[in-house]
Amino acid sequence: MIKIQVPATSANIGVGFDCLGLAVSLYSTVYFERNHQKLEISGCPLEYQNESNLIFQAFVKGCTYLNRPVPNLKITIENNIPIARGLGSSAFCIVAGLKGASAWFNAKLSKEELLALATEMEGHPDNVAPAIYGKMVASFIDQNNEIQSVSFNVNDKLQFITIIPDYQVSTQKARAILPSKMFYQDTTYQIGHALILTKAMEQGDLDLIHKSIVDKMHEPYRSKLIPDYQNTKRICESENGTMYISGSGSTMMGIVDNKENAIHIINKIKKAHPNWRVHHLKLDTKGATNELVNIDNLTVNIN
Ligand SMILES: Nc1ncnc2c1ncn2[C@@H]1O[C@H](COP(=O)(O)OP(=O)(O)O)[C@@H](O)[C@H]1O
Ligand SMILES: N[C@@H](CCOP(=O)(O)O)C(=O)O
């Protein structure tokens, strides 16, 4: 049985729309096993327990790329990444399926190959890149349609608070509301902020992160889809933290540089919204992993 674990990812990080993302220490797992019937899927909502399932679709894409037949499959999902909340649940599915196919045929697809295939499926590399590599990753699709990506260290003292409302925002809808053009002046603003943000994250300079994370490309529009945006931001800032919309929302990501501030934010959010999920996370530095597990759950080989 093949076990694939993929971290949740937080795309954009405010000013890096479609090109910047980081992986956090919240994981979903998928098990792939041989099956007597064509396809059996468990561990996800019923609507995804069929051939349209994104994990299966990605597995099939992997088989096609490797020129191998799609085997009869049992897919078991242990899901911790909330669906359609801006924490890369679709990236998780795509990376898990592709990596699953690679491990199934012992093909050892490189991370670069995985990234190219995953970006083709997701449309943009900002989530799938950190899901594959871990850490914080900047990436773009170049003129030859190849993906260029670089990884950044994120300072150890930075802690992440995923504040997950009890309502979804679909990525499709959150993309549809964005304007199609941007002025030169705003583009210059955006480039400067994104460049400085990457260094500030590396240095763990929270004050500089707070100044450089202020986005003009998507947050002003998407914050209107999240009724609790202003109040959540106020809570994070009242505890010396900063906040951005994770991916396309509805999750908001708080960043702090010490445990006390993190705990205060978590308590205030839980008091204001008892039904919301809140996680206190660190950066994930490994990205997706795969293991070959025998029937007794004994790991026999780790990649
Ligand atoms: N655990 C899961 N099982 C099956 N499909 C999933 C799962 N998680 C995500 N998906 C797929 O990903 C889609 C959500 O993607 P998207 O709207 O981009 O949200 P997110 O912001 O979480 O990436 C779902 O509609 C579904 O097709
Ligand atoms: N850059 C994309 C990222 C979407 O991330 P997700 O986690 O919401 O799928 C966007 O902002 O649309």
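Which residues are the closest of those that surround ligand 1? In this predicted model, ligand 1 is surrounded by 19 residues, and C44, Y48, S89, S90 and T171 are the closest. Helix α2, which spans residues 89-104, supplies the largest share of this shell, namely 3 residues. When the shell around ligand 1 is divided by class, 8 residues are nonpolar, 10 are polar and 1 is charged.

The position of ligand 1 can be described in terms of the domains of the chain. Two domains are assigned: domain 1 comprises residues 2-152 + 285-302, and domain 2 comprises residues 159-281. Ligand 1 lies between domain 1 and domain 2, because both domains give residues to the shell around it.

A second ligand was examined in the same terms. The shell around ligand 2 consists of 17 residues, of which A11, G86, G88, G247 and S248 are the closest. Here the largest share, 3 residues, is contributed by helix α5, residues 171-176. The shell around ligand 2 contains 4 nonpolar residues, 10 polar residues and 3 charged residues. Domain 1 and domain 2 both contribute to this shell, and ligand 2 therefore lies between them.

The contact between the two domains was then considered. The C-alpha centres of domain 1 and domain 2 are 25 Å apart. In the contact, 22 residues are taken from domain 1 and 32 residues from domain 2. On the side of domain 1 that touches domain 2, the elements giving two or more residues are the strands β1 (2-11), β2 (20-34) and β5 (136-141). The largest share of that side, 4 residues, comes from β2. By class, the side of domain 1 that touches domain 2 is made up of 13 nonpolar, 8 polar and 1 charged residues.

Helix α2, which gives residues to the shell around ligand 1, also contains V95. Residues up to four places away in sequence being left aside, V95 touches V6, L114, A118, V128, A131, I132 and A288. A separation of 9.3 Å was computed between the C-alpha atoms of V95 and A129, two residues that stand 34 residues apart along the chain.

Technical notes:
Residues are numbered from 1 along each chain as its sequence is written. Chains are lettered from A and ligands numbered from 1 in the order in which they are written. This is a predicted model: local features need pLDDT of at least 70, side-chain atom pairs count only at pLDDT 80 or more; totals for chains, interfaces and linings use all residues. A residue is near a molecule or strand if its C-beta atom, placed from the backbone, lies within 6 Å of it. Ala, Val, Leu, Ile, Met, Phe, Trp, Tyr, Cys and Pro count as nonpolar, Asp, Glu, Lys and Arg as charged, and the others, Gly among them, as polar. Domain bounds come from an automatic or database domain assignment. Two residues are in contact if their C-beta atoms, placed from the backbone, lie within 7 Å.
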